[in-house]
Amino acid sequence: MKHFFVVIFLSGSLLCASNSFAEIVVTKVEGTAAYRDGNKWSPLKEKMKLPEGVKISTGANSYAIVSLNSLNHTVKIEPLSMLQIYSQETTNKTNTHIGLKRGQITANVPKNESVKTIFKVSTPVATSSVRGTEERITYGEKTGMIVEVLRGSIEATNRFGRSNVISGKQKFMQISNSANSRNILSTVRSISIVSVNGHGLTSEETATSQYSGGDQTGSPDGDTGTLFENISKNATVTVNLQWPW
Amino acid sequence: MLKKIILSITLFLLPLLALAQNTEEIEWINKLDTKAIATFGDAKRLFYSTFPDLSKQQSNTIKLLNQYKDDAPLKRGMIAAIIARELNLKGSLFYMLTGLERYACRACIAEGIMSANSSENDLISGPELLDIMIQAKIAKEGN
């Protein structure tokens with residue numbers, strides 16, 4: 001009988017440990033911010049602990065910063081935003097899911113190799129998954145979802161399962177009535193000196209990759225892409241020999 | 001004695017009043033988020049709370065904010081004109097020259113504040129107004 005209770009206690013402890021709610025704490029509030037408390041909105045205050053699945057809304061010219069777990073994953077909620085937070089944490093895993101209804105958030109997820117991190121931000125049109133990075137996400141009814149990466153890289157997937165891995169100055173932009181997101185470099189094109197194509201390639205690199213495929217060194221299994229298909233064509237090569245050197 | 005009691009009650013109620021104002025704005029914003037058609041008054045209130053400092057400086061913007069009645073249904077051109085004027089958008093030269101809301105709309109579209117597939121005469125819903133104001137704030141702060 002004694003062993004039975006010990007087993008029950010240990011099983012219960014393991015169950016709790018594998019699916020425990022993380023501590024959601026408000027670290028800073030500037031201006032007007034509130035959380036849904038039953039049927040009414042209550043003001044958000046610093047150091048306030050919030051329940052799992054809490055809805056937060058910010059006013060104009062206001063923001064709030066919320067810590068999502070003990071690993072210092074934070075989210076800054078920009079003006080006129082509304083979101084819902086789910087955050088769970090165990091010793092070796094964190095699982096955070098934010099539903100962004102409108103507005104803009106900046107999520108900061110420091111990289112921790114020893115902890116499996118799942119951090120997702122969903123909007124009605126797409127979802128972004130992040131691990132060890134900082135990202136800014138905006139959603140509005142007409143502008144759709146815009147994901148910018150401030151540090152690291154993220155994967156953004158639209159409702160049709162089409163995904164993009166973005167980093168650097170690339171942006172993921174998905175509007176509600178489109179099956180595909182916009183080109184991830186569409187905002188960079190107007191400010192670059194050379195013409196920019198997909199995957200950050202220049203025109204020359206794109207032209208080269210048409211002959212050699214994505215892998216310009218050849219694959220280990222001998223597949224050289226379209227290189228051999230074009231190998232019999234004539235080409236002019238200019239070589240400058242300098243002697244003595 | 002009575003004065004002391006009144007003073008104590010006032011001091012006790014002041015923070016409660018402040019908290020009420022706090023959530024009152026949030027409740028108004030979330031109510032606006034459900035409106036099928038926003039009014040010019042909604043846009044005016046949201047604009048003043050989003051850009052509290054700028055609005056005091058630019059008298060032309062204030063003129064625009066008093067151009068229509070508060071209960072008038074909000075059209076895209078009305079809010080575009082206010083934003084183009086207040087934010088001094090790069091593409092708003094034609095609007096400044098002609099005063100036509102059509103060009104203010106174009107300037108807002110070029111800045112990514114408004115979506116391209118609409119005209120200046122389209123009515124704006126509450127969620128759309130919030131979206132426009134969020135984008136205007138981002139454009140102003142250069143994020």
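In this structure, T133(A) is found in strand β12 of chain A, which covers residues 133-140, where strands are DSSP runs of E with at least two residues, helices are DSSP runs of H or I with at least four, and both are numbered from the N terminus. The model is a predicted one, in which local features need pLDDT of at least 70 and side-chain atom pairs count only at pLDDT 80 or more, while totals for chains, interfaces and linings use all residues. Residues are numbered from 1 along each chain as its sequence is written, chains are lettered from A and ligands numbered from 1 in the order in which they are written, and side-chain values use heavy atoms, with hydrogens and water left out.

**T133(A) and its surroundings**

- At 0% relative accessibility, T133(A) counts as buried; buried means under 20% relative accessible area, exposed means over 50%, and partly exposed lies in between, with a 1.4 Å probe and protein chains only.
- The side chain of T133(A) reaches the backbone nitrogen of G152(A) at 3.4 Å, and a polar atom of that side chain also lies 3.5 Å from the backbone nitrogen of S153(A).
- Not counting residues up to four places away in sequence, T133(A) touches residues including A107(A), N108(A), V109(A), V149(A) and I154(A), where contact means heavy atoms within 4.5 Å.

**Chain A as a whole**

- The secondary structure of chain A comes to two helices and 16 strands, and of its 245 residues 38% count as buried.
- Among contacts in chain A between residues at least 6 apart in sequence, 39% join residues at least 24 apart.
- The accessible surface of chain A comes to about 14400 Å², of which 54% belongs to carbon and sulfur atoms; such areas come from the Shrake-Rupley method with a 1.4 Å probe, and for residues only the protein chains shown count as cover.

**Positive phi values in chain A**

- Most residues other than glycine have a negative phi.
- N72(A), although not a glycine, has a positive phi of about 65°; N72(A) lies in the loop between β6 (63-67) and β7 (74-77) of chain A and is partly exposed, with a relative accessible area of 49%.
- L80(A) is another residue other than glycine with a positive phi, here near 60°; L80(A) lies in the loop between β7 and β8 (82-89) of chain A and is buried, with a relative accessible area of 2%.

**Nonpolar cores**

- The largest nonpolar core has 39 residues, and those with the most contacts inside it are L74(B), I79(B), I83(B), I113(B) and L129(B); a nonpolar core is a set of buried Ala, Val, Leu, Ile, Met, Phe, Trp, Tyr and Cys residues joined through side-chain atoms within 4.5 Å.
- The elements of chain B that give two or more residues to this core are α1 (2-32), α2 (40-50), α4 (59-65), α5 (76-87), α7 (101-110) and α8 (126-141), and α5(B) gives the most, with eight residues.
- This core draws at least three residues from each of domain 1 (1-32) and domain 2 (36-141) of chain B, with domain bounds that come from an automatic or database domain assignment.
- A second, separate core of 38 residues includes V26(A), V54(A), I98(A) and L185(A).

**Helix α8 of chain B**

- L130(B) lies in helix α8 of chain B and counts as buried at 1% relative accessibility.
- Leaving aside its neighbours within four places in sequence, L130(B) is in contact with L80(A) and R102(A) as well as with I29(B), L32(B), D33(B) and L46(B).
- The C-alpha atoms of L130(B) and L32(B) are separated by 8.1 Å, although the two residues are 98 residues apart along the chain.
- Q135(B) also lies in helix α8 of chain B and is buried, with a relative accessible area of 7%; leaving aside neighbours within four places in sequence, Q135(B) is in contact with T138(A), T143(A), G112(B) and I113(B).

Note on methods. Polar contact = N/O pair within 3.5 Å; in protein donor to acceptor, adjacent residues only side chain to side chain.
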